[in-house]
Amino acid sequence: MGGHILVDQLAAHGVRHVFCVPGESYLAVLDGLHDHQIEVTVCRQEGGAAMMADAHGKLTGEPGICMVTRGPGATNAMAGVHIASQDSTPLILLVGQIERGMREREAFQEMDYRAVFGTQAKWVTEIDQVERIPEIISRAFHVATSGRPGPVVIALPEDMLVENAQVADTPHYRVPEPMPDPAQMEAIVARLAQTRQPLAILGGSRWDAESVARFQEFAARWQLPVAVQFRRQMLFSTEHPCFIGDVGLGGNPQLMQFVRDSDLILMIGGRFSEVPSQSYTLLDIPQPRQALVHVHPDPSELNRVYIASEAVNVSPAAFSKALQPLQPAGSTPAWAAALNTMRANYQQWVDPTAIQHPGELQMGQVMAHLNQVLPADAIMCNGAGNYATWLHRFRHFTQYGTQLAPTSGSMGYGLPAAVGAKRMFPERAVVCFAGDGCFMMHGQEFATAVQYDLPIVVLLIDNGMYGTIRMHQERHYPGRVSATQLRNPDFAAYAQAFGGHGERVETTAQFAPALERALASGKPAILHCLLDPEAITPAQTLSAIRQQAQG
Ligand SMILES: Cc1ncc(C[n+]2csc(CCOP(=O)(O)OP(=O)(O)O)c2C)c(N)n1
Ligand SMILES: [Mg+2]
C-alpha cells in the first residue's frame with residue numbers, strides 16, 4: 001500500500017526520525033509507521049513539527065522529515081518551510097492531500113501546494129501514481145540536499161496512499177560534490193599573497209565538523225582573520241586565535257570597520273544578505289571595492305548581489321578540502337599585526353563580566369556562568385528577540401553542530417529546535433534561550449518535551465514586552481509605545497503544570513543554583529528569568545535610546 005511504500009522509501013534513505021501532527025488525510029502513512037523502526041515525534045502544532053525537522057536538517061545535513069495534514073496543517077508548517085529556505089536547510093515536508101478525483105472543487109481543506117509553496121520550496125510536487133513513490137522520494141532527497149539545500153514539499157493524495165503496487169527500493173541518495181578547479185585555487189592563493197588585509201566570512205550550510213576543522217587549520221597556517229555571519233557562530237571556534245567575531249545584529253562596530261578596510265574578502269558558503277551586510281551597506285553593490293572570492297554551492301547565488309573576482313561554485317566542505325595542501329610562502333604575513341589587534345578587540349567585546357545593566361539579574365554574569373558549566377557540545381537554540389544577543393555575543397561556541405538559530409529571525413524557533421535536538425541527541429545538553437514573546441509562539445511544544453522525557457533547559461528571558469520592537473519604536477517614534485507590552489503568565493507554574501521543572505529567577509545569585517536544580521531534575525525545565533526591561537541591549541538602556549531619539 002502507498003502509505004507503507006512511502007515509509008519504506010524514507011527508511012531506504014536513512015530516515016530514523018519523523019516529526020508530525022497527524023491528519024486523516026495520511027492515515028495510511030501513519031499505519032506504515034506503526035510497525036517501523038523509524039521514531040515518530042508527535043507534535044502539538046505543525047509549525048513546531050517543521051522547525052524540529054529543520055533542526056534535524058541543520059544538525060545532520062540530512063533532510064529533516066515533517067508530516068502534516070492538508071490545508072491548515074500545511075499552512076501552519078509554512079513557518080518552518082520559510083526558515084529552511086532562508087537557512088539553506090534540507091527538509092522534506094509531506095502533506096496529506098484530498099483524493100485525486102475531487103480536485104479543483106475546493107474540497108475539504110483543498111489547497112494548491114505548488115502555488116502556495118512555490119516561492120518557498122526548492123521543489124513542490126504531488127505523487128499521482130503509487131508506482132512513482134520511490135522515484136519521487138529519491139528525487140526529493142537529492143533536491144533537498146544538493147547545491148544550495150532547502151525544503152521540498154510533497155503532497156500525497158489520500159486515495160493514492162491506499163493503492164497497492166510492487167516497487168523496488170531506490171539506493172540511498174548521494175550528494176554530488178564537485179571539487180574546485182586547481183587553477184582557481186592557485187589564483188586565490190596568488191591573491192592572498194598580494195593582499196594587505198584579507199578577511200574570511202563564513203556562512204551558509206553544507207559544512208560539517210571535518211570541514212570546519214580543515215578551515216581552522218588553513219586559517220591557522222595563513223594567520224587569516226575569520227568572522228562568521230549572523231547566527232553562524234558554530235562554523236569557527238571562538239577560541240581560535242584567528243577568530244574576530246560575527247557580522248550580525250548589534251555587531252562590534254570595529255569589526256564592521258575591519259570588513260570595510262579589508263582588500264580581499266573570502267565569502268565562504270553564505271549569501272551576505274541583509275543582516276550580515278548591515279542592510280547591504282558593508283560591501284558595495286554590485287561591485288565591491290574589495291577583491292571578492294565567493295564560494296557557494298548554488299551557481300545562481302554567485303554574482304547575484306555581489307560581483308565576485310573569483311566565483312567558486314562548490315560547497316564549503318569541498319572548498320575546505322581543496323585548501324588542505326595550500327601553504328603560505330612566508331611565515332608571518334603582512335596582516336598579522338592587524339589580526340592580533342582585532343583579536344584583542346574581539347576578546348574585550350565578548351567579555352561578559354565587563355557588562356553591567358539595570359536590574360537584579362545580570363545577563364553578563366549569567367553568560368559567564370553558562371560558559372563555565374555547560375559542556376562544549378551543548379546545543380544552544382533560540383528564536384528571535386533582543387535576548388538572543390546575549391547568547392550570540394557571549395557564548396563560547398567552539399564546536400560545529402552546537403547552534404540552532406534561524407537566520408530568518410523567526411520567533412518561536414528555539415523551543416521546537418531544542419525538542420528536535422534532544423530527541424536526536426539525548427546524551428547531549430540542550431539549552432533553549434527564549435524571550436517572553438518568542439516562547440509563547442511555540443510554547444505548546446513544551447508538552448512534547450514532557451511526552452518524550454526530554455530534559456531540555458529553557459532560559460525564558462522575560463522583560464514583559466516584545467522588546468526588539470519596543471527598541472525600534474523608541475528609536476523611530478520615541479515615547480509612543482504601541483502594541484509591544486505583554487502581560488505574562490507565571491512560566492515556572494506553566495512548566496510544572498505540563499509536568500516539567502519550573503523556577504523563577506529574579507537575581508544573579510539565584511541563577512546558578514536554579515540551573516543546577518533544573519539540570520539535576522531530569523525533566524524538561526523552564527527557568528523564568530526576570531530581566532529589567534531597561535536592559536534592552538548589552539550597551540544601552542531603553543530610556544537612553546528614547547532620549548537619544550528625542551534629541
Ligand atoms: C514570527 C515572528 N513574528 C514577529 C516577529 C517580529 N519580532 C522580532 S523580535 C520581536 C519581539 C521578541 O520579543 P521577545 O521574544 O520577548 O524578546 P525580547 O526582544 O523582548 O528580548 C518581534 C515581535 C518575528 N521576528 N517573527
Ligand atoms: Mg521580551
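Across which strands does helix H15 (residues 414-424) lie, and at about what angle does it run to strand E1 (17-20)?

Modeller: The model is a predicted one. In it, helix H15 lies across strands E1 and E2, and its direction makes about 150° with that of E1.

To place these two strands, one must look at the sheet to which they belong. The sheet is open and consists of six strands, in the order E2-E1-E3-E4-E6-E5, with parallel pairing. As a general point, the strands of a sheet are joined through backbone hydrogen bonds, and the pairing may be parallel or antiparallel. Strands E2 (39-42) and E5 (123-126) are at the edges of this sheet; each has a single partner strand, so one side of each is left without a neighbour in the sheet. From one strand to the next, the twist averages 20°.

Further along the order, strand E3 (residues 64-68) and strand E4 (residues 91-97) are joined in the parallel sense over five bridges. The residue Ile 65 has Ile 92 in E4 as its bridge partner. Another helix, H6 (residues 133-145), lies across E3, E4, E5 and strand E6 (151-157), and it runs at about 160° to E6.

Helix H3 (residues 46-60) also deserves attention. It has 15 residues and reaches 21 Å from its first C-alpha to its last, which is close to the 21 Å expected at 1.5 Å a residue. Of the 15 residues of H3, 14 are buried, so the helix is largely enclosed by the rest of the structure. At the start of H3, a side-chain oxygen of Gln 45 comes to within 2.6 Å of the backbone nitrogen of Gly 47. After H3 comes Gly 61, which has a positive phi, near 80°.

There is a second open sheet of six strands to set beside the one described above. Its order is E9-E8-E7-E10-E11-E12, and its pairing is parallel. The edge strands here are E9 (243-247) and E12 (310-312), each of which pairs on one side only. In this sheet the twist averages 20° from one strand to the next. Strand E8 (residues 226-229) and strand E9 pair in the parallel sense over three bridges, and Val 226 stands opposite Phe 243 in E9. Helix H10 (residues 253-261) packs on this sheet, where it touches strand E7 (198-202), E8, E9 and strand E10 (264-268), and its direction makes about 95° with that of E9.

Strand E11 (291-295) contains His 294. With a relative accessible area of 1%, His 294 is buried. The side chain of His 294 reaches the backbone oxygen of Gly 270 at 2.8 Å. Leaving aside residues up to four places away in sequence, the residues that His 294 touches include Met 267, Gly 270, Glu 301 and Leu 302. The loop between E10 and E11 holds Pro 286, and the peptide bond from Ile 285 to Pro 286 is cis, with omega near 0°.

Most peptide bonds are trans, and most residues other than glycine have a negative phi. Against that background, Gln 223 has a positive phi of about 50° although it is not a glycine. Gln 223 is found in the loop between helix H9 (209-222) and E8; its relative accessible area is 23%, so it counts as partly exposed. Asp 453 likewise has a positive phi, of about 50°, although it is not a glycine. This residue is in the loop between helix H17 (446-451) and strand E16, and at 63% relative accessibility Asp 453 is exposed.

The magnesium ion (ligand 2) is coordinated by Asp 436 (OD), Asn 463 (OD1) and Met 465 (O), at 2.1 to 2.2 Å. The spacing of these donor residues in sequence is D-x26-N-x1-M. Asp 436 lies in helix H16 (residues 436-441), and Asn 463 lies in the loop between strand E16 (457-462) and helix H18 (467-476), so the pair ties together parts that are 27 residues apart in sequence. Both Asp 436 and Asn 463 are buried.

Terms used:
Residues are numbered from 1 along each chain as its sequence is written. Chains are lettered from A and ligands numbered from 1 in the order in which they are written. This is a predicted model: local features need pLDDT of at least 70, side-chain atom pairs count only at pLDDT 80 or more; totals for chains, interfaces and linings use all residues. Side-chain values use heavy atoms; hydrogens and water are left out. Two strands pair if DSSP finds at least two bridges between them. Helices (H or I, at least four residues) and strands (E, at least two) are DSSP runs, numbered from the N terminus. Axes are lines fitted to C-alpha atoms, for helices over the stretch in contact, and angles run from 0 to 180 degrees between N-to-C directions. Contact means heavy atoms within 4.5 Å. Donors are N, O and S atoms within 2.8 Å of the metal (3.2 Å for Na, K and Ca); water is not among the atoms, so sites may look incomplete. Buried means under 20% relative accessible area, exposed over 50%, partly exposed in between (1.4 Å probe, protein chains only). The expected span of a helix is 1.5 Å times one less than its number of residues. A polar contact is a pair of N or O atoms within 3.5 Å; within protein, one must be able to donate a hydrogen and the other to accept it, and residues adjacent in sequence count only if both atoms are side-chain atoms.
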